[in-house]
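Here's a quick tour of a few helices and strands and what surrounds them. Have the viewer open while you read.

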Amino acid sequence: PLCVSRHRLEMALRTYVTNEDLRVLCAMELEGDTYQDEPITSFIDSTIQIAISRVFTLTQLDVFGFPAIGQQYIYCMETSDVQHPYLHVKAPPASDVDWRVLHDGARLLLEKYRQQILEHGRIMISTDEHTSDAFEALITIVFKGKMKRIMNSNCGMFYMTNDQRENLLAMEIPVPAGFRIESVNADKDGDTIYSLWKNAISREVTIERLRCFPSICVRDSAGELVGWAMTGRFGQISNEFVMPEHRGKGLGRAVELALAKELIRKGRRVFKYVDIANEAVYESSSRSTKWTLWREEDGKRKPLYFRKFEIVS
């Protein structure tokens with residue numbers, strides 16, 4: 001009986017609720033990354049800082065470790081009444097994957113949020129290839145074949161090392177003549193930003209994120225909004241957009257770096273996900289001295305997937 005109880009404990013989810021719990025988790029995850037240079041810690045560091053701040057209350061952010069003893073996976077699940085569940089998973093390197101642990105943890109998460117997934121009819125999952133595939137296989141089982149993948153975005157993660165962050169802080173960001181960089185006005189700009197964001201979850205969530213998280217825009221001489229970048233729920237730079245008639249002027253780069261600088265000033269890590277299908281942005285980010293691409297030990301790009309699943313009749 002004692003062995004059975006211990007096994008059940010080991011294979012349970014560990015929930016991180018209090019700020020002290022979250023600080024302990026963050027310290028554990030950052031151990032050995034003294035200069036905050038490792039890409040694998042960027043997501044966890046940023047997510048936990050946001051969770052501790054309690055600044056964004058429109059959605060609920062739950063943080064779990066699995067297994068409860070000797071945890072290998074960190075699950076960060078965002079839920080609310082106004083959006084479908086969004087799961088971000090920090091997984092171990094492919095060479096260290098224990099397939100039984102991977103499948104047990106994925107099943108526990110899906111069962112735990114089964115009702116909310118059914119209510120919204122969708123779930124978004126972001127993680128590496130092995131973990132994405134495991135969740136997809138289990139989604140078929142748990143939801144009896146009634147949930148299908150409707151989106152599969154294959155991304156590269158770009159991040160800034162400590163040296164790159166320090167260099168950016170010391171840099172004057174060039175802004176083309178006739179334009180100015182400033183913080184987004186959520187009340188004034190929110191509807192425009194929401195209407196032009198193809199991956200927006202809801203108007204309410206978009207505007208609240210603009211209010212709560214750092215977001216930067218560029219305006220023309222008449223004060224009209226021509227471009228912007230905002231911070232995602234997990235701390236990443238996201239939704240970078242420049243009006244078509246103003247592209248090719250360097251405004252996208254300016255607004256991106258201005259937001260990165262603001263995040264650095266606030267003690268945050270800087271990272272972004274770029275879909276490899278977005279060739280122009282992916283190639284420019286790869287060439288930029290301001291960004292570092294997360295690569296595997298063999299030098300190849302670390303593939304990260306954003307997959308959305310939907311209940312189909």
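What covers the buried residues of α7? The cover includes β6 (147–159), α10 (251–265) and β12 (292–293), where contact means heavy atoms within 4.5 Å.

Some ground rules: this is a predicted model, with local features needing pLDDT of at least 70, side-chain atom pairs counting only at pLDDT 80 or more, and totals for chains, interfaces and linings using all residues. Residues are numbered from 1 along each chain as its sequence is written, and side-chain values use heavy atoms, leaving out hydrogens and water. Helices (H or I, at least four residues) and strands (E, at least two) are DSSP runs, numbered from the N terminus. Buried is under 20% relative accessible area, exposed over 50%, with partly exposed in between (1.4 Å probe, protein chains only).

Back to α7 (residues 162–169): N162, Q164, R165 and L168 are its buried residues. Down the helix axis they fall within an arc of 165°, so they line one face of α7; the arc is taken from the directions from the axis to the C-beta atoms. D163 and N167 sit exposed on the face turned away from that buried side.

| Element | Buried residues |
|---|---|
| α3 (residues 39–53) | twelve of 15 residues |
| β5 (residues 122–128) | six of seven residues |

For α3, the cover includes α2 (19–30), β2 (60–66) and β11 (271–275). Just after α3, R54 takes a positive phi of about 55°.

As for β5, it runs parallel to β4, joined by three bridges, and pairs with β13 (residues 304–311) in the antiparallel sense over seven bridges. Pairing takes at least two DSSP bridges between two strands. M124 stands opposite K308 in β13.
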